[in-house]
Amino acid sequence: MIHLKTEREIQLMHEAGKILANCHKEIAKIIEPGMTTMYIDQFVEDFLKKHNATPEQKGYKGYKYATCASINDEICHGFPRKTPLKSGDIVTIDMVVNYNGALADSAWSYGVGEISEEASKLLQVTKEALYKGIGVSGIGTRIGDIGHAIQTFAEGEGFSVVREFIGHGIGPTLHEPPEVPHFGLPNKGLRLKEGMVFTIEPMINVGDWPSKMDNNGWTARTVDGSLSAQYEHTIAITKNGPIILTEQL
Ligand code: MF3
Ligand code: CO
């Protein structure tokens, strides 16, 4: 069942989203070569604590960290680690914030130091792909329209769209219906209704889309070793259009 949210519930999720957005903005300011993703994970925990929020991912299905930190060919669910980031790396930091029981989910990819032209194009295209998906979202939009907008744009730029991981409804729990693929056919699938809150979180690869799972049972990486990036927002469908609950203002 899809939980449709009231205006009040959306407002509370927006509060969580604002904390999350500000946390990403702080990461963007401090990230640099030599820093570890374990340090960033601790920074996020401290930041959330200061804002009376908690990291929902910690303890979720046995996951141990506040963030996922996926570097270069890692697609998602990378573990924070003590290896320093190098200039030229790209890293996706993904987190879910719980504020008074309301959730928001947002991942952002960062370039570390000087990154290649290819990496920089990947970041730009992946972020734009997310906004293409948001741009077509509204009451009456079909789920396939979102995937189609993302897929045609990303593939048109010569990149591929990960199939195995998709967006999801959110609230009251982290993963709720509906499923939101980042690929698909226009005019197919469920119609969006007022009060739906879900994530759009395209993972885009420079090479081909298939992924393989690390032995840790969590981390997915590209089979061909190519770079992968991800941007994710939590959005609410309202009569005034989609509201991005995790927008970085
Ligand atoms: N934020 C991730 C998502 O988009 C959740 C990752 S699973 C976790 O659904 F266990 F790490 F939380
Ligand atoms: Co998500």
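Me: In this predicted model, what counts as a pocket?
Reply: The model is predicted. The search runs on a 1 Å grid over the protein atoms alone. A pocket is an open set of points with protein on both sides within 12 Å along at least five of seven lines.

Me: Where does ligand 1 sit?
Reply: A molecule is assigned to a pocket if more than half of its atoms lie within 2 Å of the pocket's grid points. By that criterion ligand 1 sits in the largest pocket.

Me: How many residues surround ligand 1?
Reply: The closest residues are Q57, D94, D105, H175 and E201. By class, the shell divides into five nonpolar, four polar and four charged residues. The number surrounding ligand 1 is 13.

Me: What is the distance between H175 and an oxygen atom of ligand 1?
Reply: Polar contacts are pairs of N or O atoms within 3.5 Å. The side chain of D94 has an N or O atom 2.9 Å from a nitrogen atom of ligand 1, and for H168 the distance to an oxygen atom of the ligand is 3.1 Å. For a polar side-chain atom of H175, the distance to an oxygen atom of ligand 1 is 2.6 Å.

Me: How much of the accessible area of ligand 1 does the protein cover?
Reply: On its own, ligand 1 has 330 Å² of accessible area.

Me: Which element gives the most to the lining of the second largest pocket?
Reply: This pocket has a volume of about 250 Å³ and is lined by 15 residues, with T6, E7, I10, T238 and I243 nearest its centre. Two or more lining residues come from each of α1 (7-30) and β14 (233-238). The most, six residues, come from α1.

Me: Which strand supplies the largest share of the lining of the largest cavity?
Reply: The largest cavity has a volume of about 30 Å³. Its lining includes I2, H3, K5 and G169, along with E176, P177 and P178. Three residues of the lining come from the strand with the largest share, β8 (residues 176-180).

Methods: Residues are numbered from 1 along each chain as its sequence is written. Chains are lettered from A and ligands numbered from 1 in the order in which they are written. This is a predicted model: local features need pLDDT of at least 70, side-chain atom pairs count only at pLDDT 80 or more; totals for chains, interfaces and linings use all residues. Side-chain values use heavy atoms; hydrogens and water are left out. A residue is near a molecule or strand if one of its heavy atoms lies within 4 Å of it. A polar contact is a pair of N or O atoms within 3.5 Å; within protein, one must be able to donate a hydrogen and the other to accept it, and residues adjacent in sequence count only if both atoms are side-chain atoms. Accessible areas come from the Shrake-Rupley method with a 1.4 Å probe; for residues, only the protein chains shown count as cover. On a 1 Å grid over the protein atoms alone, a cavity is a set of points where a 1.4 Å probe fits but cannot get out, and a pocket is an open set with protein on both sides within 12 Å along at least five of seven lines; lining residues have an atom within 4 Å of a point. Ala, Val, Leu, Ile, Met, Phe, Trp, Tyr, Cys and Pro count as nonpolar, Asp, Glu, Lys and Arg as charged, and the others, Gly among them, as polar. Grid points are joined across faces, edges and corners, and a volume is the space filled by probe spheres set on the points. Helices (H or I, at least four residues) and strands (E, at least two) are DSSP runs, numbered from the N terminus.
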